[in-house]
Amino acid sequence: MLRMASSFPEEVLEHVFSFIYDDKDRNAISMVCKSWYEIERWCRRRIFVGNCYAVSPPMVIRRFPEVRSVELKGKPHFADFNLVPEGWGGYVYPWIAAMATAYPWLEEIRLKRMVVTDEALELIAKSFKNFKVLVLSSCEGFSTDGLAAIAANCRNLKELDLRESEVDDLSGHWLSHFPDSYTSLVSLNISCLGSEVSFSALERLVGRCPNLRTLRLNRAVPLDRLANILCRAPQLVELGTGTYSAELQPDVFSSLAGAFSGCKELRSLSGFWDAVPGYLPAIYPICPSLTSLNLSYATIRSTDLTKLVSQCQSLQRLWVLDYIEDIGLEALAAFCKDLRELRVFPSEPFAQEPNVSLTEQGLVSVSEGCPKLHSVLYFCRQMTNDALATIARNRPNMTRFRLCIIEPRAPDYITLQPLDDGFGAIVEHCKDLQRLSMAGLLTDRVFEHIGNHAKKLEMLSVAFAGDSDLGLHHVLSGCENLRKLEIRDCPFGDKALLVNAAKLETMRSLWMSSCSVSFGACKLLGQKIPRLNVEVMDERGPPGSRPESCPVEKLYIYRTVAGPRFDMPGFVWTMDEDSALRLS
Amino acid sequence: MEGGLGLLGVSGGGCSGASTNESTVSKVEVVVDAEASSYPIEAELELGLGLSIGGGSVGKGKSSVWGECGRILTAKDFPSLVSQPHRGHNNNNNNNNNSNATASACVAVSGTKRAAEPVSHEGESPTSISKLLCGSSQVVGWPPIRAYRINSLVNQAKASRSEEDKSFGEKDKSNDASKKICNGNKTNATGNEKGHLGFVKVNMDGVPIGRKVDLNAHTSYETLAQTLEEMFFRSTPPVSSMGGEKQQSANLSNLLDGLSEFVLTYEDKEGDWMLVGDVPWGMFLSSVKRLRIMRTSEANGLGPRFQDRNGIQISKPV
């Protein structure tokens with residue numbers, strides 16, 4: 001290899017590269033020249049695979065031989081809302097099996113929306129001697145037996161986080177598998193588990209791990225045990241309570257309040273299932289230093305919520321139910337000037353009539369009062385173009401804006417117009433908008449706005465919107481940074497897709513369900529574009545048994561260098577060069 | 001809209017997508033676009049028909065499209081082992097959404113007794129019934145809320161109501177819990193000590209892929225059994241790719257009455273397998289962990305005894 005006189009020795013380059021962690025930067029480095037590619041690939045320690053089917057385990061291992069940390073994502077986002085039938089895929093086992101031999105020093109595995117079996121967990125437990133971090137976010141397929149294997153074998157485990165996973169909860173006994181000699185726990189999140197773990201085992205575990213900073217308990221931990229746990233971990237920074245409900249008893253209250261006061265480092269609270277207002281004052285002493293508060297399971301009402309948030313002057317993130325109402329959001333706007341992220345969930349999502357007084361006004365208030373607000377998820381029942389425009393003008397620094405109006409296709413409730421202009425204002429003013437979910441009555445015009453203005457947009461979610469292919473065309477042709485597009489129940493068909501077929505290779509994935517894309521168009525896309533997997537999901541039977549013009553139920557298109565996958569269930573078909581033969 | 005896209009031209013539309021910072025992506029031939037514009041026109045017409053996504057109920061729109069493109073096979077297409085002349089109920093285009101989730105969630109009000117009897121709602125569109133149960137939303141995955149969050153809300157609502165069967169159509173708040181479920185198959189991971197489960201797994205003998213059903217969507221055994229029948233005894237999963245399952249030869253009669261080739265069983269909190277239907281519904285709810293549709297031949301000796309239609313005991317009590 002020709003070396004330029006001015007080039008650095010490899011060791012120096014490697015040292016420099018070791019300060020670069022971000023994937024995009026690393027990718028950029030590897031493209032500079034062949035020698036940099038080589039050096040970089042040998043010293044990359046962390047890889048992120050946004051779609052586990054975009055690349056195969058052997059390919060990853062071949063390129064990056066010294067990896068210590070792996071992050072994989074499986075199912076499409078709409079799987080969260082039951083739009084992806086069970087058995088679709090996203091199995092992690094092949095990855096674990098390949099890495100077990102290739103990366104014996106693997107330390108961290110982070111998975112999202114993947115199917116993880118007990119076998120996979122057992123393989124992790126016995127293959128990686130220095131295993132430290134396991135994060136299973138919205139995963140499924142494993143039981144508490146698998147967790148027992150991890151607890152029993154991973155001597156150096158620091159983090160076990162099961163956030164929002166579906167676990168076959170056989171019993172709480174798995175926690176007792178952590179040996180008495182195990183003391184390295186830093187973060188434990190079992191909030192998704194149903195069974196009771198042994199409280200004494202939990203207390204002993206907490207007591208012997210001096211570095212514990214994050215503890216998210218599950219609902220089964222009663223309130224009267226919380227004080228004991230807190231007293232053993234006064235260094236906690238993040239706490240998720242169990243059930244926050246008990247008969248009001250002064251001694252229970254005072255020990256709880258005392259325990260909370262003792263946790264001087266506590267910055268984040270969550271849990272609060274079934275919260276009763278009477279016990280809320282126990283956390284008042286630490287409210288001023290809280291930066292993150294998740295009350296989205298707490299059924300307390302606006303008066304108590306208002307009192308609570310008014311004391312949290314340092315709050316940066318709030319997740320709450322719509323019980324907070326407009327009045328509580330006004331208080332939030334008045335007292336929490338450091339707020340960055342707000343999520344408001346519906347307390348009765350299926351009720352016909354509103355059960356609380358939460359309107360567009362609440363969000364407008366927060367947008368006015370909180371200058372750092374940049375991330376919003378808001379469920380409500382009514383919206384106006386004016387409100388959206390006001391929000392947009394107030395918060396040009398918005399980066400994530402997700403609005404959900406409970407009733408699909410709801411218009412501006414005052415003017416009865418579509419909400420095109422409102423969302424148009426959002427994309428026009430918020431130039432750094434990365435993620436957008438829209439709601440309400442929307443025509444092709446809103447997509448024109450998006451295509452024209454949303455140049456930094458990376459992820460767009462669309463439902464019950466648009467009039468024609470032109471809408472989809474605007475987005476595909478205009479949004480230069482679009483990576484993920486998910487669409488349901490929109491009248492988008494073949495034309496926009498086929499005309500913008502090249503765009504699809506520049507994106508991570510496209511999901512379309514209950515739209516008008518024909519089987520014929522899917523076949524065409526699959527055959528013509530080599531590095532796309534065009535997967536058709538249809539539970540009615542083989543799409544080949546219906547006319548080609550028939551729309552497919554669900555379509556998932558993603559770019560890949562690994563070719564079509566082979567672990568598809570019976571209701572998924574890949575369109576590729578051979579599909580014409582296989583599907584007849 | 002034809003005109004609109006025509007103006008945009010063939011090459012303009014296709015290549016604009018390539019203008020990104022991704023340096024590793026190869027340029028796709030513009031040839032694709034030429035083919036796109038010469039795509040059969042009749043596709044346009046067929047797509048225009050029927051799919052009334054822009055307005056009107058999702059359910060009705062879907063039915064007409066599928067009517068053109070192919071039938072969903074129903075129970076009528078398959079011979080049943082025991083004739084049940086009145087049982088024509090299920091699948092006449094009841095898939096107002098493409099996922100089984102809706103079928104399971106949009107449960108019919110049967111009002112039948114446990115013994116085999118004609119289903120009173122025969123011929124009625126499930127969409128209207130689901131409206132009763134699910135409020136305004138009969139759409140899968142809407143509003144877009146994670147299942148665990150919904151289950152958590154349901155559990156909180158349930159905590160304040162009794163576990164006895166309630167009649168449908170009550171508009172009081174405590175019934176919101178049963179109306180809350182239109183989201184189909186996701187397991188509830190927050191089944192807590194009170195025993196309020198949401199989604200439980202259902203496996204059927206001979207079927208490799210299990211399903212999930214939301215127990216909160218039901219207030220009686222009948223509706224649960226019907227939902228499961230719809231889930232497992234339709235033929236829509238491609239039979240050939242599942243290794244030639246004999247689903248179509250399984251008959252459709254009530255899983256609860258012991259007549260069919262299969263029986264419905266459940267695993268309780270102690271790990272024992274019991275026949276579904278013998279204890280009061282509320283008690284069942286608080287003890288069930290998962291369901292299994294078992295071949296009748298294997299079900300002998302399970303749980304309390306059950307009787308066939310003639311009242312003869314055909315299994316021994318445990």
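Predicted model: local features only at pLDDT ≥ 70, side-chain atom pairs only at ≥ 80, totals over all residues.

Entry one: packing around a phenylalanine. I listed the neighbours of A:Phe401, skipping residues up to four places away in sequence: A:Phe401 touches A:Leu363, A:Val376, A:Leu388, A:Ile391, A:Phe423, A:Ile426, A:Leu433, A:Arg435, A:Leu436 and A:Ser437.

A:Phe401 sits in the largest nonpolar core, which has 210 residues. It is also among those with the most contacts inside that core, along with A:Trp174, A:Tyr244, A:Phe260, A:Leu318 and A:Ile450. Apart from this core I found another one, of 22 residues, including B:Met204, B:Val207, B:Phe284 and B:Val288. As a general reminder, nonpolar side chains in soluble globular proteins tend to be buried together.

Entry two: strands in chain B. I followed β1(B), residues 199-204, to see what it pairs with. With β2(B), residues 211-214, the pairing is antiparallel over four bridges, and B:Lys201 stands opposite B:Lys212 there. The two strands make a hairpin with six residues between them. In its turn, B:Gly206 has a positive phi of about 90 degrees. β1(B) also pairs with β5(B), residues 288-295, this time in the parallel sense over three bridges. Here B:Met204 stands opposite B:Ile293, and B:Met204 is also one of the residues I had noted in the 22-residue core.

Which peptide bond did I flag as cis? The one from B:Trp142 to B:Pro143, with omega near -10 degrees. I placed B:Pro143 in the loop between α7 (126-134) and α8 (147-158) of chain B.

A:Phe272 has a phi of about 60 degrees and lies in the loop between β11 (268-270) and β12 (292-295) of chain A. Is A:Phe272 buried or exposed? Buried, with a relative accessible area of 0%. A:Ser514 has a positive phi too, near 55 degrees. I found A:Ser514 in the loop between β20 (509-513) and α20 (519-528) of chain A, and at 4% relative accessibility it counts as buried.

How many residues of α20(A) are buried? Eight of the ten, so this helix is largely enclosed by the rest of the structure. I wrote down the buried ones: A:Phe519, A:Gly520, A:Ala521, A:Cys522, A:Lys523, A:Leu524, A:Leu525 and A:Gly526. A lysine is on that list, A:Lys523.

Definitions and conventions
Residues numbered from 1 in each chain as written. Chains lettered and ligands numbered in written order. Heavy atoms only, no water. Buried < 20%, exposed > 50% of the residue type's maximum accessible area, 1.4 Å probe, protein only. Core = buried A, V, L, I, M, F, W, Y, C linked by side-chain atoms within 4.5 Å. Contact = heavy atoms within 4.5 Å. Pairing = 2+ DSSP bridges.
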